[in-house]
Amino acid sequence: MQTAVHSEMIQLPLWIRKSIVYKILCHVLPAVILYFTVGMDEYRLEWQAFMKVLALIFFLAGPYVNIYFLVPGLLLRYRYYEYIMAVLGLITFLMLLTVWMEPVVTPWLKPGKSFKPYHIKDALAFYVMMLALLSASTAVTLFGQWLEAGYHRAISLQTELENLKKQLSPHFLFNTLNNLDTLIYADQQRASEVVHTLSRLLRYQLYLAGNGQVGLPQELSFIHDFLYLEKLRHDVLDVSVNTTGNIQAASVHALLLMPFVENAVKHNDYNGHPYINLELTVTAEQLVFCCINPVAATGTALPGGAGLKNVRRRLALLYPGRHSLQVENKDQLFVVTLTLSI
């Protein structure tokens with residue numbers, strides 16, 4: 001099933017982000033670029049390559065310590081003050097290391113070259129540069145964490161939606177097969193119709209329902225097939241479907257309307273006059289679905305069942321802030337009105 005949530009995610013697939021090539025590119029490419037960017041012309045030629053490598057290690061040590069130790073160990077655990085102190089300590093250590101290294105590398109300078117004494121502005125410039133470098137590495141890490149969390153959240157939502165949809169799937173297959181077994185001997189032509197209807201219904205669930213949104217006519221055709229099979233058991237059940245507006249152009253998430261129809265079939269007034277009225281109105285901005293059925297005086301069609309709870313969850317995931325659901329059970333009449341912004 002291709003959910004709206006999943007389709008909105010823009011990121012590299014997980015297998016790419018975990019591949020060896022991807023990791024090599026992430027780690028080696030910056031080092032290669034930095035190697036050819038850093039200039040060491042003040043050193044003698046035989047020491048320039050070594051000093052480039054030394055500078056490379058020096059510049060990358062801070063970001064790597066930040067990415068692999070400070071961010072996961074402190075920042076992502078909400079230990080902000082400790083993280084700030086650790087970053088300042090790391091920069092100070094690198095600053096002191098720079099000062100300590102200068103007498104060591106001075107003999108490698110070209111004749112006439114020397115290090116200038118450090119002043120406060122030099123130290124401030126060093127702090128600003130390293131803060132910028134560490135901030136960039138933190139931003140990259142947090143962005144990666146956000147993508148990873150978004151990926152897993154999308155997978156989790158997709159799995160949850162699949163599970164909810166499976167829970168919405170009717171358990172009437174067993175009853176339908178029993179009815180079919182009877183019809184094979186009593187009415188072979190109708191038995192053939194039942195087989196074809198059941199085939200269409202299963203095909204819709206197996207293939208079309210996995211495509212996320214489907215055309216409203218397809219969803220209505222599925223409901224027609226479902227009610228046709230249910231009427232094998234409840235031949236006194238009257239069903240009417242009224243549509244208004246441009247139904248052909250509308251779409252809806254697959255199986256979204258089915259729980260209400262299932263509920264209407266299950267909790268109808270079979271001791272009186274059982275019926276189901278389905279009304280669909282499509283406008284330029286809204287799709288309004290209304291399902292009306294009578295319930296027995298001692299019926300169990302109370303709002304808040306597992307099916308209704310599941311469909312509320314699906315609506316919250318698929319139409320956040322773009323739907324309203326009203327359920328009324330009054331005077332032995334059960335009315336569900338679902339409005340979707342389309």
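**Reading contacts, cover and pairing**

Q: Leaving aside neighbours within four places in sequence, which residues is T197 in contact with?
A: Contact means heavy atoms within 4.5 Å. With neighbours within four places in sequence left aside, T197 is in contact with D225, Y228 and L229.

Q: What kind of model is this, and how are residues numbered?
A: It is a predicted model, where local features need pLDDT of at least 70 and side-chain atom pairs count only at pLDDT 80 or more, while totals for chains, interfaces and linings use all residues. Residues are numbered from 1 along each chain as its sequence is written, and side-chain values use heavy atoms, with hydrogens and water left out.

Q: Where is T197 found, and is T197 buried or exposed?
A: Buried means under 20% relative accessible area, exposed over 50%, and partly exposed in between (1.4 Å probe, protein chains only). T197 is found in helix α8. Its relative accessible area is 4%, so T197 is buried. Helices (H or I, at least four residues) and strands (E, at least two) are DSSP runs, numbered from the N terminus.

Q: How many helices and strands does the protein chain have?
A: There are eleven helices and seven strands in the protein chain. Of its 342 residues, 37% are buried. Take the contacts in the chain with a separation of 6 or more: residues 24 or more positions apart account for 72% of them.

Q: Which residues of α7 are buried?
A: T176, N179, L180 and L183 are the buried residues of α7. They lie on the same side of α7, because they cover an arc of only 110° around the axis. That arc is of the directions from the helix axis to the C-beta atoms. On the other side of α7, F174, T182 and Y185 are exposed. The cover over the buried residues of α7 includes α8 (188-206) and α9 (216-230).

Q: What span does α7 reach from its first C-alpha to its last?
A: The expected span of a helix is 1.5 Å times one less than its number of residues. Helix α7 (residues 173-186) has 14 residues and reaches 20 Å, close to the 20 Å expected.

Q: Where does UniProt place the feature "transmembrane region"?
A: UniProt positions are in the numbering used here, with feature names shortened, and annotations may be inferred rather than shown by experiment. The unreviewed UniProt entry places this feature at residues 20-38, 50-71, 83-101 and 124-147. Over residues 50-71 the chain is 100% helix, and the end C-alpha atoms are 30 Å apart. Residues 83-101 are also 100% helix, with end C-alpha atoms 27 Å apart.

Q: Where is the place of V38?
A: V38 is in the loop between α3 (20-37) and α4 (45-73). V38 counts as buried, at 13% relative accessibility. Beyond its neighbours within four places in sequence, V38 is in contact with K52 and A55. V38 and K52 are 14 residues apart along the chain, and 6.6 Å separates their C-alpha atoms.

Q: How many bridges join β4 to β5?
A: Two strands pair if DSSP finds at least two bridges between them. Six bridges join β4 (residues 275-282) to β5, and the two run antiparallel. L280 has F289 in β5 as its bridge partner. A hairpin is formed by β4 and β5, with three residues between them. β5 is also joined to β7 (residues 333-341), by nine bridges, again antiparallel. There, L287 has L340 in β7 as bridge partner. Strand β5 (residues 286-294) is mostly covered, with seven of its nine residues buried.
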